[in-house]
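Welcome, and please open the structure in your viewer. We will go from stop to stop, selecting a few residues each time and looking at what surrounds them.

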Amino acid sequence: MKGFKNIIACLSAFSLLLWSCQTVVEIDLPEHEPKLVVNAVFNPDSLLTVDVSASQSAFSNNEHQQLENATVSLFQEGKHLLDFPHIGNGIYQAAEKPEALQQYELRVSAAGFPQASAITSVPGQAVIDNLQATVEPARSDWEGTTLNAFFTLKDTPNEENFYYLQAFTPDTTGDGEAFNRYVHLESSSPIEYEFSMETRLFFSDKLFNGEALELKLNLENNPYRTTYVQIAQVTKEYYQYVKTLDKQSYGDNLNLTPVSVSNNIINGMGLFGAYNAQTLTFKVE
Amino acid sequence: MRKNILCFSVSWLLFTCSLLAQSAMEQKITLHTTATLEEILTELSSTYGLRFSYSNNLVPLQQEVSIQAEDQPLKLVLDELFRDKNIRYTLLGEQIILNPVSRKENSQQKEHYTISGYITDAATGEALPGATIITEKTGASANTYGFYSLRVDGAPLHLRYLGYDPFYLRLPALKQDTTISFQLQPAPFRLQEVGISARKVTDLKEANLLSIRGEEMKELPRMMGEADAIKAIQLMPGAMAGREGSSDLIVRGGSPDQNLILLDGVPVYNVSHLLGTFSVFNPDAIKNVDLIKGGFPAPYGGRLSSVVDVQLKEGNNQRFSGEGAVGLISSKLLLEGPVKNGKTAYLIAARRTYLDLIIATLGALSGESMTSYNFYDLNAKINHTFSEKDRIFLSVYAGQDKFSDKQEFSLGSVLEEQKFRMQWGNITSALRWNHVYGPSLFSNLTFTHSRYSFGQDTELKTTESRFAEEDITFKRQVDYGSSIRDWGAKADFDYAAHPKHHIRFGGSYTFHHFRPEAVRVQADSISLTTDSFSLISAHEFYTYAEDQIQLNEHIQARVGAHFSGFAVNGTFYKSLQPRLALGYKFSDNLSVHTSFATMTQYLHLLSNTSTGTPTDIWVPATDKVKPQRSWQVTLGGATLLAQNKLELTAELYYKKMKDVAEFKAGSNFVNDFLRSGPETNFANFVAPPYESRISSGEGWSYGSEWMLRKRHGKTTGWLGYTLAWSWRQLEGINFNQKYPYTYDSRHNISIVINHQLTEKLSIGGNWVYHTGFITTLPSANYKAYNEPLYQPDSWSPSIETVDYIGEHNNYRMPAYHRLDLSMTHTKKKKWGERSWNISVYNAYNRMNPYFIQLSSPGTYYKNSSQRMLYKVSLFPIIPSVSYGFKF
């Protein structure tokens, strides 16, 4: 990371004297009893999809075991809506899409495991206005111009809201295959993202609750080509899961308190969350 | 009430005369016999060359007495011989003159008068809290300010204080209540095996109390050349350190925030420098440190587990003097002296680290710009004696740690400048007024101010240069702050109502200002501000009363109550806390005691780390978060062994705590800081109000503590052992089931020894052992959810595995043990005294576990398909040297 230097040097300016040392410790932990692992994040633009696997011993480095014989059902207000067919390798997918502002309950069972269940609600779309695109001049001889994207995010007052941003641009591979190429974005004004998962940058409204926030993004793409910015409103479960997973993933030598990843699966492990995304198009004409 | 005041001049006269006699009277006598007084005097004359002068007609020497004295001072032996015999003795030159006690004198002795005044150090004028003044039948000890009050009947007075020559005095016949102040002479060199302590461990007031004087503290081995009060206490039974090297104090299974740490009576909220490596107390300025672990006297309240009372020196009112030290990472200097006629004295002590200079040098050598860190602390005190009745003290403490960094990056025409600052520190001040209303009533009125704040700010400035155009500048500043500020007043009264009753009463009021978390983001024209829990004001008060009762020769009781209240956000909490203690003395050398105390704590310290850091947040109880409460019972005993040279104490305790609080898993500022460095943006870590981020529940702890201590002579030190259990049960943690507290440790042993080899050279060492702390390890792992954007020509890493944290605190780490050694060489110089101290921390380089961690998923160790468990150790052998001076 740019700018990150030897901070430890300050805490242990006596670095000449102190050092940390790692040794391997032998340990006997009780036998692990596997539980159902359910991973599903619904959004109104995609088919209902659920990934079912089994947990394993903490010391295991093996690949996770996908469960192909599970029964996965969807309920709404206690009423059975559908059963998910298995489409292969522990992935269960229905032909329907979820609806915004609806609450869903997922129940998963498999032989040898206690039944797992979870509830989530699909949020509405974020309210976006005042889209504008400008050219950011090249910062050096070896850099090109980039795209500045401006828009206003109107946050709903008196409630906690959570968002993610990601950017991409249409592209093709050498074989002519079309795909969306990831575009690096920097949200420098007035807030930064809090944490990320792959290409998604997450933030909450804690600094601007109920306000109309004018966001400025710098997108590393040719300003005269189309760049898509996806902004999604996400459930608290999804936000918390990504936040805690991110923290757990970088636990290093001074991580004294192990971070427990947020888990909303009853009698199981994993995530049942949702988001509702809209895609904004930016291009300088 | 009329009184005859014998001021300093008179006391000095008595004192000086007594000193002259003292050497002869200190002569050691061994005598085991039953015979008439005359026969015994003859034996003393022939064996020790003593000369007695008396008249056979007037002095009745045919009475038979029995005496057993082994290596006792002559003074004690004579007192014992002539007790209740109506015989008085006086040393005149080399002769001991015996006279009958006249009827008049006898009748006067039967009348009781009260003497009162201050007991101070003859060399510096410092008050000697805890100094004892006793007669055969009664006794008293000086309070925190050195004031005593004693009902006397003409019997000789004995004054004692650890590290000072004992002082014997027979008062002339008193006709009324009298004010007498005493000055004790420091023992020049503590080589004598004096077997009598000032504060006897068999006294009820010593139960559950551990104390260490500033001088004793400096005899212990030092870490990086720094003597440290908190680290000294951590070596005592019942108290232990948190993570290695930290200034956390775990007392009887309580958490670090449950200790009321008082600096001259003012609460200090954060006692750490350098993230816990050193405490904020300058060792040169410390007079005495008391740790009360249970059976809390009624004046104390507001924390559940302990009171750490750090008393600083007041300032030398006899002469200008100073001391200081130069260590590996810091230096300190203390200056003190009188201002006018010895009625006013001042003390100023300062300490500063030069870590920033070391880092800057390293940076210059490596050619890299490096971060800067420093800390300092300053104690300033002044006191003035208006009269024997009135004294006033003003003290100020200020300390701060500061970390800063500045970076510049240039990329083409763009210049980016980052500034980062983080600072934290305490400021405390106290204005005290001691007033003596009469021989039996003493008061102390104190006005206090205490502030702890933590702040961090980052500034990012980007400037883009353009030809023929104005530069474009973008600037963003993020400030994060957390603070607590108190204003308070308290009044304490000591009332020696009756020889069998010592009453204390008083009250206190504190106005708290909390600002748990505040963030401000300023970016060009936009400003965003958030207070996760905006400014909170709270009112806290308490009142108390306590009577220490001498029921009879054997039974002593302390009966009291502490009533406190806390008003915050329209909610009012109140708590009546009974405080009871009972002691039974089988003899002067053997006693048992029991106590019961309840405590209420209206503040919570929320921390994401398992060791104290400046980012810990002090927050008040509110309508949603209840105050913490506890009750504790103790049963103990104390005895003096080996002719009173050794103190042996034992305690059993059981403590129950309610509504203790901990942060749920969430932001970990320190980890984020270490990961991101100056780019850490604290605004990102601000979370919803703390009330929704904590778990509350109960706690239990119980155990037994043993201590064998020697405080006099060439060899001093102690052997301590603690057997303890500590549990927690918090909502939402460990599936609501009880679990061992993070610092639960079954066995804890400490051995501390200091030996004075010669007048110049002393050596010392300590060895500590405790059962390993407990920690949480994952109990399973499972597949992570991720949704990568399909990129056919590139691969971006995603998290594949989640570690499932099941049972909380499910793994006990290996045992901790460590040996520290020290050697001090002191030499007198024309200008004063200098000393060299060489210390070795962790002498046999034990790799103690700092924490335990599972290897990351997908990493392989020696081709094993299993993930491995690592023990991480932090502190290896650390030698250090420091130079000290005194003048």
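Which residues are linked with R213(B) in a network of salt bridges? Select R213(B), E216(B), R709(B) and R711(B): these four make up the network. A salt bridge here is a side-chain nitrogen of Lys or Arg within 4 Å of a carboxyl oxygen of Asp or Glu.

Before going further, a word on what you are looking at. This is a predicted model, in which local features need pLDDT of at least 70 and side-chain atom pairs count only at pLDDT 80 or more, while totals for chains, interfaces and linings use all residues. Residues are numbered from 1 along each chain as its sequence is written, chains are lettered from A and ligands numbered from 1 in the order in which they are written, and side-chain values use heavy atoms, leaving out hydrogens and water.

**Stop 1: salt bridges in chain B**

Stay with R213(B) and E216(B), whose side chains meet at 3.8 Å, N to O. Both residues are buried, a word that stands for under 20% relative accessible area, with exposed being over 50% and partly exposed in between (1.4 Å probe, protein chains only).

Next, select E126(B) and K287(B). Their closest N and O atoms are 3.3 Å apart, and they form a salt bridge. E126(B) sits in the loop between β7 (113–121) and β8 (132–134) of chain B and K287(B) in strand β22 of that chain, so the pair ties together parts that are 161 residues apart in sequence. E126(B) is buried at a relative accessible area of 6%, and K287(B) also counts as buried, at 14%.

A further pair to pick is R867(B) with D803(B), a salt bridge at 2.8 Å, N to O. R867(B) is in the loop between β53 and β54 of chain B, and D803(B) is in strand β49 (residues 801–804), 64 residues apart. Both R867(B) and D803(B) are buried. Over all chains, the structure holds 31 salt bridges.

**Stop 2: strand β15 of chain B**

Now select residues 209–213 of chain B, which are strand β15. Strands (E, at least two residues) and helices (H or I, at least four) are DSSP runs, numbered from the N terminus. In β15(B), 5 of the 5 residues are buried, so the strand is largely enclosed by the rest of the structure. Turn the view to see both faces: L209(B), S211(B) and R213(B) are on one side, L210(B) and I212(B) on the other.

Two strands count as paired if DSSP finds at least two bridges between them. I212(B) has V289(B) as its bridge partner in β22(B).

**Stop 3: the nonpolar cores**

Select F151(A), L153(A) and F281(B), which have the most contacts inside the largest nonpolar core, a group of 105 residues. Such a core is a set of buried Ala, Val, Leu, Ile, Met, Phe, Trp, Tyr and Cys residues joined through side-chain atoms within 4.5 Å. A contact means heavy atoms within 4.5 Å. Leaving aside residues up to four places away in sequence, F281(B) touches several residues, including A229(B), I261(B), V310(B) and R351(B). A second, separate core has 27 residues, among them V52(A), A54(A), A70(A) and V122(A).

**Stop 4: strand β3 of chain A**

A54(A) also takes us to strand β3(A), residues 49–54. Here 5 of the 6 residues are buried, so the strand is largely enclosed by the rest of the structure. Strand β9(A), residues 91–93, is an antiparallel partner of β3(A) over 3 bridges, with T49(A) facing Q93(A) as bridge partner.

**Stop 5**

**Last stop: confidence**

Finally, colour by pLDDT, the predictor's confidence in each residue, from 0 to 100. Chain A has a mean of 86, and chain B averages 82.
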